Amino acid sequence: MVQVAVMGYGVVGSGVVEVLTEHHDSIAKRAKEEINIKYILDIRDFPGSPFSDKFTKDFNDILNDEEVKVVAEVMGGTNPAYEFTKKCLMSGKSVVTSNKELVATKGAELLEIARQSNVNYLFEASVGGGIPIIRPISQCLAANEVIEIAGILNGTTNFILTKMIRDHMSFEDALKMAQQLGYAERNPAADVEGADACRKICILASLAYGKHVYPESVHTQGITEITLEDVAYASSWGGVIKLIGQVKRLENGKLDISVEPMFIEKSSQLANVDDVFNGILVRGDATGDVVFYGKGAGKLPTASAVVADIIDCVKHLKARKYLYWADGTNDYVTPYEDTSYAIYVRAEAENKVDVFNKAMELFSNSRAIVRANAPENELAFVTDAMTVSQQEKALKALAEYGAVIKSKIRIADL
């Protein structure tokens with residue numbers, strides 16, 4: 001029998017306990033060992049819980065118990081999760097987690113500690129919740145050079161954008177609905193401003209390319225400024241707007257990585273990923289495009305991925321799985337202003353014809369797009385690829401010519 005501990009008894013932690021308990025026999029068959037929950041760590045009280053004999057408020061109970069071989073860290077955040085995880089790994093306990101913030105900020109360090117201690121640090125649930133993505137990239141696609149990864153990595157923002165596209169809801173109304181349905185937190189900043197998706201694309205980039213990518217080095221823009229006018233123009237153009245986390249390695253070895261709203265053609269496999277679902281496209285040199293689709297969050301889907309990692313650790317108690325990346329460097333990510341892509345621009349101008357003609361001069365091969373019921377002073381166009389610094393210079397010149405720039409959105413090549 002293998003003894004395990006669960007740190008955190010919130011939504012995911014209670015799900016992990018539920019899955020381990022209700023599927024006890026089938027999990028034992030898959031793991032080739034019976035798995036028993038010895039401790040559940042939480043500072044709160046749970047009177048009347050059927051697991052009352054397992055609760056502890058003292059982390060040292062877990063740390064100092066040599067019988068505990070695997071620990072599930074499902075606390076969230078970096079404090080105290082970082083210190084607890086570090087100490088568990090150093091003491092020879094494998095750790096599994098759903099904590100994307102911790103993996104995105106401390107992954108390289110924790111993986112190195114796990115390597116030195118000959119234990120495992122696994123985090124399948126940290127990116128796609130119940131969607132398998134870490135294991136497929138590290139194992140199933142190992143023969144490929146990963147050309148690019150792009151994904152809808154946050155279900156809350158995808159739900160909001162879906163409501164804006166399908167039901168013509170404003171951003172504010174769609175967010176309110178997401179909160180009422182439990183898809184968005186009371187403070188939704190991490191979702192709608194892109195931080196959650198940023199952490200996830202950092203983990204995927206680190207895994208795919210072998211060096212840690214830190215969130216602070218990634219250009220991150222959320223969906224708070226997306227309007228119904230932009231949604232209508234995307235439809236006229238032949239696509240939809242999605243919040244995309246994207247990374248690819250350039251010829252110079254640096255990474256082009258960002259999180260931002262993008263125009264996606266309706267023919268793209270990601271264009272039809274709607275509501276709270278996530279979709280992750282991995283472009284390999286041998287496989288071509290492979291897409292992983294499913295609910296990226298939720299109690300039981302995420303718990304399922306955590307338990308799968310526990311089973312993996314139990315199977316590898318005396319041997320490490322090779323899951324590793326080196327620490328990153330400050331110059332690993334190419335400066336955002338040097339990245340190049342096509343854009344959509346929406347503007348207002350009293351001298352609309354003159355401003356549009358000026359836009360034709362300033363932007364590479366720009367083409368007008370129209371929408372129904374647009375005001376007389378509104379214009380919109382799309383461009384060919386140009387660097388961000390070139391875009392900003394051209395937009396400044398257009399503003400000086402009399403345009404009020406209302407929106408600029410990246411056009412994806414997916």
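Two residues are in contact when heavy atoms of each lie within 4.5 Å. The structure described here is a predicted model, in which local features need pLDDT of at least 70 and side-chain atom pairs count only at pLDDT 80 or more, whereas totals for chains, interfaces and linings use all residues. Residues are numbered from 1 along each chain as its sequence is written, and side-chain values use heavy atoms, with hydrogens and water left out.

The protein chain contains 15 helices and 17 strands; helices (H or I, at least four residues) and strands (E, at least two) are DSSP runs, numbered from the N terminus. The radius of gyration, taken over C-alpha atoms, is compared with a globule rule of 2.2 Å times the number of residues to the power 0.38. For the protein chain this radius is 24 Å, close to the 22 Å that the rule gives for 414 residues, so the chain is as compact as a globular protein of that length. Along the principal axes, the C-alpha atoms fill a box of roughly 75 × 45 × 35 Å. Of the 414 residues, 53% are buried, where buried means under 20% relative accessible area, exposed means over 50%, and partly exposed lies in between (1.4 Å probe, protein chains only). Among contacts between residues at least 6 apart in sequence, 73% join residues at least 24 apart.

Strand pairing was examined next. Strands of a sheet pair through backbone hydrogen bonds, either parallel or antiparallel; here two strands are taken to pair if DSSP finds at least two bridges between them.

Antiparallel pairing is found around strand S7 (residues 146–152). S7 is joined to strand S11 (residues 277–284) by six bridges, the two running antiparallel, and Ile149 has Val282 in S11 as its bridge partner. Four bridges link S7 to strand S9 (residues 239–249), again antiparallel, with Glu148 opposite Lys248 in S9. Six of the seven residues of S7 are buried, so the strand is largely enclosed by the rest of the structure.

Glu124 lies in the loop between S6 and helix H6 (125–128). With a relative accessible area of 4%, Glu124 is buried. Its C-alpha atom is separated by 8.2 Å from that of Val96, 28 residues apart along the chain. Apart from neighbours within four places in sequence, the contacts of Glu124 include Thr97, Ile133, Arg135, Ala305 and Asp309.

Helix H13 (residues 299–315) has 17 residues. The expected span of a helix is 1.5 Å times one less than its number of residues; for H13 this gives 24 Å, and its end C-alpha atoms are 24 Å apart, which agrees. Its buried residues include Ala305, Asp309 and Asp312. Asp312 has a relative accessibility of 9% and therefore counts as buried. Leaving aside neighbours within four places in sequence, Asp312 is in contact with Leu122, Arg135 and Lys321.

The structure also holds 14 aromatic pairs. Rings of Phe, Tyr and Trp (its six-membered ring) pair if their centres lie within 6.5 Å; planes under 30 degrees apart count as stacked, over 60 as edge-to-face and the rest as tilted. Phe159 and Tyr183 form an edge-to-face pair, 5.0 Å centre to centre with 65° between the planes. Phe159 belongs to helix H8 (residues 155–167) and Tyr183 to the loop between helix H9 (171–180) and helix H10 (189–192), so the pair ties together parts that are 24 residues apart in sequence. Phe159 is buried at 5% relative accessibility, whereas Tyr183 is partly exposed at 38%. The ring centres of Phe263 and Tyr344 are 4.6 Å apart and their planes lie at 25°, so this pair is stacked. It links strand S10 (residues 255–265), which holds Phe263, to strand S13 (residues 340–348), which holds Tyr344, the two residues being 81 residues apart. Both Phe263 and Tyr344 are buried, and together with Tyr233 and Trp237 they form one aromatic cluster.
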